[in-house]
Amino acid sequence: MRQLILWAGLVGTVPSLPILAQGPAQRGHAQDFRLARLRAFLEDAGSPIRHLAVDFLAAADRHHLDWRLLPSISMVESGAGRNCSGNNVFGWKSGHKEFTSVREAIYQVASRLALSRLYRGKDINGILATYNPRPEYAARVRAV
């Protein structure tokens, strides 16, 4: 009994895991209409990263980004993960950046788009113009 109480006390002091390790229901997106729409979008695109739909939503919500922005960039840059290397579905740093996982890429790129001095405080058009200055780029991403 003493071991059980000690174990329970230790578990109670363990810090919570970061959001990357939590499941969809823990993130509060299980009943979110956006999750069903995003999963359907990625499924229709034949995306190998469709299982990460909840991560796109969680990263967007955490950084106050439009929930469609990251999936749309990934569609334009890599066909939503069909054509990428180094888990870089966003073409980040002209496609030269490597990530340990696509999940890491989602959260890291969301963070940069929200917090970097290059992007911070800009609307979607401003973010996209900075991300890729070609005039047709923003229109392509927005069309997705």
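**Entry 1: helix 3**

I started with helix 3, where Ala53, Val54, Asp55, Phe56, Leu57, Ala58, Ala59 and Ala60 are buried. Buried means under 20% relative accessible area, exposed means over 50%, and partly exposed is in between (1.4 Å probe, protein chains only). Helices here are DSSP runs of H or I with at least four residues, strands are runs of E with at least two, and both are numbered from the N terminus. Eight of the 10 residues of helix 3 are buried, so this helix is largely enclosed by the rest of the structure. I checked what the buried residues pack against: helix 2, helix 4 and helix 5. Contact, for my notes, means heavy atoms within 4.5 Å.

**Entry 2: ground rules**

I noted that this is a predicted model, where local features need pLDDT of at least 70 and side-chain atom pairs count only at pLDDT 80 or more, while totals for chains, interfaces and linings use all residues. Residues are numbered from 1 along each chain as its sequence is written, and side-chain values use heavy atoms, with hydrogens and water left out.

**Entry 3: the whole chain**

I stepped back and found seven helices and zero strands in the protein chain. Reading from the N terminus, I wrote the elements down as α-α-α-α-α-α-α. The chain has 144 residues, and buried ones make up 40% of them. I also looked at contacts with a separation of 6 or more: residues 24 or more positions apart account for 50% of those.

**Entry 4: the core**

Which residues of the largest nonpolar core touch the most other members? I got Phe56, Leu70, Ile73, Phe90, Ile106, Leu113 and Tyr131, out of 39 residues in that core. Helix 2 (33–44), helix 3 (53–62), helix 4 (69–78), helix 5 (102–115), helix 6 and helix 7 each supply at least two residues of it. A nonpolar core is a set of buried Ala, Val, Leu, Ile, Met, Phe, Trp, Tyr and Cys residues joined through side-chain atoms within 4.5 Å.

I picked Ile106 to follow up. Leaving out neighbours within four places in sequence, Ile106 is in contact with Leu52, Asp55, Phe56, Ala59, Leu70 and Phe90.

**Entry 5: helix 4 against helix 5**

The axes of helix 4 and helix 5 come within 11 Å and cross at roughly 115 degrees. Axes are lines fitted to C-alpha atoms, for helices over the stretch in contact, and angles run from 0 to 180 degrees between N-to-C directions. The two helices are therefore roughly perpendicular to each other. The cut-offs I used: under 35 degrees is roughly parallel, over 145 roughly antiparallel, 65 to 115 roughly perpendicular, and the rest oblique.

At this crossing, Leu69, Leu70 and Ile73 in helix 4 meet Ile106, Val109, Ala110 and Leu113 in helix 5. Ala, Val, Leu, Ile, Met, Phe, Trp, Tyr, Cys and Pro count as nonpolar, Asp, Glu, Lys and Arg as charged, and the others, Gly among them, as polar.

**Entry 6: helix 6 against helix 7**

Next pair: helix 6 (residues 124–131) and helix 7 (residues 135–143) have axes that come within 8 Å and cross at roughly 125 degrees. That makes helix 6 oblique to helix 7. Ile124, Asn125, Leu128 and Tyr131 in helix 6 meet Tyr137, Ala138, Val141 and Arg142 in helix 7. I sorted the residues of this contact into six nonpolar, one polar and one charged.

His64, not a glycine, has a positive phi of about 55 degrees. His64 sits in the loop between helix 3 and helix 4 and is exposed, with a relative accessible area of 74%. Asn87 also has a positive phi, near 60 degrees. I found Asn87 in the loop between helix 4 and helix 5, and at 28% relative accessibility it counts as partly exposed.

Is Ile49 buried or exposed? Buried, with a relative accessible area of 4%, although Ile49 lies in the loop between helix 2 and helix 3. Not counting residues up to four places away in sequence, Ile49 touches Leu42, Phe56, Ser74, Ala80, Gly81, Val89 and Val102.

Last, Ser78 in helix 4: at 2% relative accessibility, Ser78 counts as buried. Beyond neighbours within four places in sequence, Ser78 is in contact with Asn83, Cys84 and Val89.
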